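Please look over the sequence and the model shown here. The report that follows goes through a few of its parts in turn.

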Amino acid sequence: MKVMKFGGTSVGTPQRMKEVTALVTKSKEPVFVVLSAMSGTTNSLVEISDYLYKKNPDGANEVINRLEQKYLRHMEELYTAEEYKKLTTDFLHEEFNFLRSFTKELFTSFEEKSIVAQGEMMSTNMVVNYMKQQGIDAILLNALDFMRTDKNAEPDPTYIKEKLNAILEKEGQHQVYITQGFICRNAYGEIDNLQRGGSDYTASLIGAAINAEEIQIWTDIDGMHNNDPRVVDKTEPVHQLHFEEAAELAYFGAKILHPTCVQPAKYAGIPVRLLNTMDPEAEGTTISNATEYGKIKAVAAKDNIIAIKIKSSRMLLATGFLRKVFEIFESYQTPIDMVCTSEVGVSMSIDNSAHLGEIVDELKKYGTVTVDTGMCVVCVVGDLDWSNIGFETRVLDAMKNIPVRMISYGGSNYNISFLIREEDKKRALQALSDTLFK
């Protein structure tokens with residue numbers, strides 16, 4: 001069985017929902033479909049929650065009414081059979097009345113998560129009813145019945161596998177199984193969400209739980225590109241990536257995928273394909289545990305980086321110095337992107353400035369601190385094992401005219417990263433493309 005995940009733009013209009021149905025039913029084998037909320041819906045639900053936090057029920061009701069009218073207009077375009085039009089319309093009326101019920105009660109973060117979850121509930125119901133109208137044997141499975149996080153807010157794969165397989169065994173054979181992405185219950189049974197990776201994470205967890213043949217992530221672009229198409233001309237899709245390469249690209253700026261969401265597929269050895277709903281015949285990108293040896297694959301960049309250097313003669317041969325430095329960042333829950341050390345100093349980069357002042361004050365206890373803002377990390381990804389003689393030289397040659405603040409190489413077999421000024425990013429990305437890919 002394949003798992004197919006479709007994002008918000010892929011189900012953003014009745015026409016798109018029809019196109020998704022056509023894609024899903026091309027397969028002769030049963031498929032498991034994960035759907036996001038219709039594009040724009042989650043933003044509206046967050047806006048409703050914001051009004052309710054501010055104790056403005058009138059503002060919330062105005063957004064609810066506007067969103068309801070949008071959905072009801074879709075009914076006319078999506079359904080031709082009166083039976084399914086009425087069934088879905090009645091369901092949507094119940095949904096929007098449910099949203100209105102929150103305007104009369106105390107509002108907390110628990111209620112907000114219930115509200116935000118309704119976008120996926122509505123999109124999956126609409127699509128499964130459309131499929132049934134078309135004579136497709138489709139069944140809707142509620143993600144809240146099997147998708148759960150543990151007390152650390154991380155997915156509980158054992159629970160998910162047991163519950164989901166029990167549900168599938170009970171429901172029997174169907175052509176299409178549909179469920180909601182993003183939403184789940186937490187360890188206490190409350191409605192929650194998967195946060196990082198959202199619906200992609202749901203698809204990966206389901207794929208691992210049912211030992212799927214393949215997990216397909218359908219978006220509105222044709223896979224990961226070998227550079228940022230918003231900055232560099234004539235980029236091309238990368239047809240094959242190792243899971244580690246994909247994670248590096250995702251972490252350092254390739255927004256098509258969250259770096260952690262494919263981990264369940266990686267551990268289960270299930271390939272993930274990134275495909276384009278606007279161009280279904282495009283090859284896209286396949287991510288697996290296979291490595292294409294001797295090849296540099298892609299470049300990505302991450303903006304809004306801050307570089308911090310702490311210099312101290314007392315650091316020389318001092319045990320525990322690095323531990324003390326890293327504990328400061330940990331105490332303020334600020335992850336470090338890059339790190340470079342010397343005998344008398346250590347430089348780090350971070351992308352979260354929320355506690356920068358406090359971090360700098362703490363670091364000053366151990367040495368002289370220098371801070372550079374407006375920086376950018378450029379990451380080159382591929383088979384960069386140290387035994388590949390000359391690969392790092394090719395990358396460095398491309399960067400020969402760019403001022404580089406830090407270089408990170410050797411922490412991974414798949415990555416070499418440069419810290420540069422944001423104003424030099426476009427030149428750096430173009431130079432890397434010209435040297436590595438042309």
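## Charges over rings

K302 lies over the face of Y251, at 3.8 Å from the ring centre. A charge is said to sit over a ring if NZ of Lys or CZ of Arg is within 6 Å of the ring centre and within 35 degrees of the ring normal. The charged end of R148 is also placed over a ring, that of Y159, and is 3.8 Å from its centre.

This is a predicted model, in which local features need pLDDT of at least 70 and side-chain atom pairs count only at pLDDT 80 or more, while totals for chains, interfaces and linings use all residues. Residues are numbered from 1 along each chain as its sequence is written, and side-chain values use heavy atoms, with hydrogens and water left out.

## The open sheet

Six strands form an open sheet with antiparallel pairing, in the order β12-β13-β11-β14-β16-β15. Strands here are DSSP runs of E with at least two residues, helices are runs of H or I with at least four, and both are numbered from the N terminus. Two strands pair if DSSP finds at least two bridges between them. Strands of a sheet pair through backbone hydrogen bonds, either parallel or antiparallel.

At the edges of the sheet are β12 (338-341) and β15 (406-409), each of which pairs on one side only. From one strand to the next, the twist averages 25 degrees. Helix α11 (residues 321-331) packs on the sheet and touches β11, β12 and β13; its direction makes about 20 degrees with that of β13. Axes are lines fitted to C-alpha atoms, for helices over the stretch in contact, and angles run from 0 to 180 degrees between N-to-C directions. Contact means heavy atoms within 4.5 Å.

## Strand β11

Strand β11 (residues 296-311) is mostly covered, with 12 of its 16 residues buried. Buried means under 20% relative accessible area, exposed means over 50%, and partly exposed is in between (1.4 Å probe, protein chains only).

β11 and strand β14 (residues 368-382) run antiparallel and are joined by 12 bridges; the bridge partner of V299 in β14 is V380. Strand β13 (residues 345-350) also runs antiparallel to β11, and six bridges join the two. In β13, I350 is the bridge partner of I306.

## I359 in helix α12

I359 has its place in helix α12 (residues 356-363). Why does I359 count as buried? I359 counts as buried because its relative accessibility is 0%. Leaving aside neighbours within four places in sequence, I359 is in contact with I328, F329, Y332 and T334. I359 and I308 are 51 residues apart in sequence, and 9.8 Å apart in space from C-alpha to C-alpha.

## Aromatic pairs

A search of the whole structure finds six aromatic pairs. Rings of Phe, Tyr and Trp (its six-membered ring) pair if their centres lie within 6.5 Å; planes under 30 degrees apart count as stacked, over 60 as edge-to-face and the rest as tilted. The pair of Y53 and F107 is edge-to-face, because the ring centres are 5.0 Å apart and the planes are at 85 degrees. Y53 lies in helix α2 (residues 41-53) and F107 in the loop between α4 (82-101) and α5 (109-116), so this pair ties together parts that are 54 residues apart in sequence. Y53 is partly exposed at 37% relative accessible area, whereas F107 is buried at 10%.

F98 and F102 form an edge-to-face pair, at 5.0 Å centre to centre and with 80 degrees between the planes. F98 counts as partly exposed at 33% relative accessibility, and F102 counts as buried at 8%. Ring pairs link Y53, F98, F102 and F107 into a cluster.
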